[in-house]
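Here is a short briefing to read alongside the model. Keep the viewer open and follow the residues as they come up.

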Amino acid sequence: MIRPRPGSRRYVSGTSSPQSRGTPGRGSGADRHTRVTVLVALAANLVIAVAKAVGGVLAGSPALLSEAAHSVADSFNEVFLLAALRRSRRPADARHPFGYGKERFFWSLLAAVGIFVMGGCFSFFQGAEALRQGTTETFSGYVAGLSVLGVALLAEGVSLLRALHQARRQGGLGSLGDPALRTVIAEDGTAVLGVTLALAGMALHLVTGQVAWEASASLAIGVLLVYVAYRLGRDARDLLIGEAADPELSGRIRSLLRAQPEIDSVEALFTMKMGLDATLVAARIDLVPGLESERVEEVAVRIKRSLARTFPEADQIFLDVTDRPAGEARESPAATGERGGA
């Protein structure tokens, strides 16, 4: 609905897509594939975590114990991601009128914290303890540890290939926008690299008899996990506090608005990612002079429909028709705008 506001030629109009009202969105199919990918990773990590822990205790291997902590952290993280997939698809309600899409970002942030605390910190501890105490291993312990790591490398590789296959189906790694799938790929890729480091450290310990090699592998695994946790946490933080849509998408939206014959200028354009496939679009536009109120309403509805049809990810669209000075029009809609009706 469009309604005039007293004192100025200004109208505010809003609309929402069917997805924001609770019907299944276009990402439901992708969610099913992502859920399978997360479940595959969870099963692999649970089995590997038990094998690494048993092997690490029997062999007294700090690198193997670090990898066990890594797998335990990844298992918890997969549980977080499954919660994200389920909760982020809840329909909008009175308390959350824009839906629950940002649940995905919150649980991804918790997964990053889990990688840092349970994986990175424990790996640093194991490496430091090995250097301090000078841990030794038996030949049978080496064999058991290397065998466990070999099986783990195979399982982690299969899980990573599954995640990469889905990423290619969704347009490739460069266009990957699902934080859950991105987290699984980061975890599996880190796991493959971590197991490789543990294998190298244990093998060098066997050959040289110097525990420093295995302790260094444990410390390197810790550094790797902390770095991955930082990157994932930073991305989740940006999305939680209201990251704008990709500049390319914003540019296309602005171009479409400027191409409308009734629009004299686009004073301001604001976008914000509300979920995996949901973006809020708010624009302040100045129409050509001489349009009657009824005509303004028709134009606004047509423009919004054109935006929704051209950009399916535009889940919420708000147009503010105003003749205020451009400088004032650039203020944030959170401060001066108002929500329109559906």
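Which residues does A155 touch, not counting residues up to four places away in sequence? A155 touches A44 and I48, where contact means heavy atoms within 4.5 Å. This is a predicted model, in which local features need pLDDT of at least 70 and side-chain atom pairs count only at pLDDT 80 or more, while totals for chains, interfaces and linings use all residues. Residues are numbered from 1 along each chain as its sequence is written, and side-chain values use heavy atoms, with hydrogens and water left out.

**Overall picture**

- The protein has ten helices and five strands; these are DSSP runs numbered from the N terminus, with helices being H or I of at least four residues and strands being E of at least two.
- Of the 342 residues in the protein, 46% are buried. Buried means under 20% relative accessible area, exposed means over 50%, and partly exposed lies in between, with a 1.4 Å probe and protein chains only.
- Taking contacts between residues at least 6 apart in sequence, 76% join residues at least 24 apart.

**Helix 7 against helix 8**

- Helix 7 (residues 247-258) packs with helix 8 (residues 293-310) at an angle of about 145°, and their axes are 11 Å apart. Axes are lines fitted to C-alpha atoms, for helices over the stretch in contact, and angles run from 0 to 180 degrees between N-to-C directions.
- The crossing of helix 7 past helix 8 is right-handed, meaning that the near helix is turned clockwise from the far one by less than a right angle.
- On the helix 7 side, R252, I253, L256 and L257 make the contact, and they meet I303, S306, L307 and T310 in helix 8.
- By class, this contact of helix 7 with helix 8 has five nonpolar, two polar and one charged residues. Here Ala, Val, Leu, Ile, Met, Phe, Trp, Tyr, Cys and Pro count as nonpolar, Asp, Glu, Lys and Arg as charged, and the others, Gly among them, as polar.

**Nonpolar cores**

- The largest nonpolar core has 22 residues, and those with the most contacts inside it are I253, L257, I263, I285, I303, L307 and F311. Such a core is a set of buried Ala, Val, Leu, Ile, Met, Phe, Trp, Tyr and Cys residues joined through side-chain atoms within 4.5 Å.
- At least two residues of this core come from each of helix 7, strand 3 (263-275), strand 4 (278-287), helix 8 and strand 5 (314-322).
- Helix 8 gives the largest share of this core, five residues.
- Another core, of 19 residues, lies apart from it, and L64, I115, M202 and L232 are among its members.
- I263 touches L257, I285, D286, L287, V288 and I303, not counting residues up to four places away in sequence.

- A155 is in helix 4 (residues 139-169) and counts as partly exposed because its relative accessibility is 24%.
- G127 is in helix 3 and counts as buried because its relative accessibility is 0%. G127 touches A215, S218 and L219, not counting residues up to four places away in sequence.
- R87 is in helix 2 and, at 26% relative accessibility, counts as partly exposed. Leaving aside neighbours within four places in sequence, R87 is in contact with Y100, E103 and W107.
- P97 is in the loop between helix 2 (62-87) and helix 3 (103-133), and its 37% relative accessibility makes P97 partly exposed. Leaving aside neighbours within four places in sequence, P97 is in contact with A92 and Q316.
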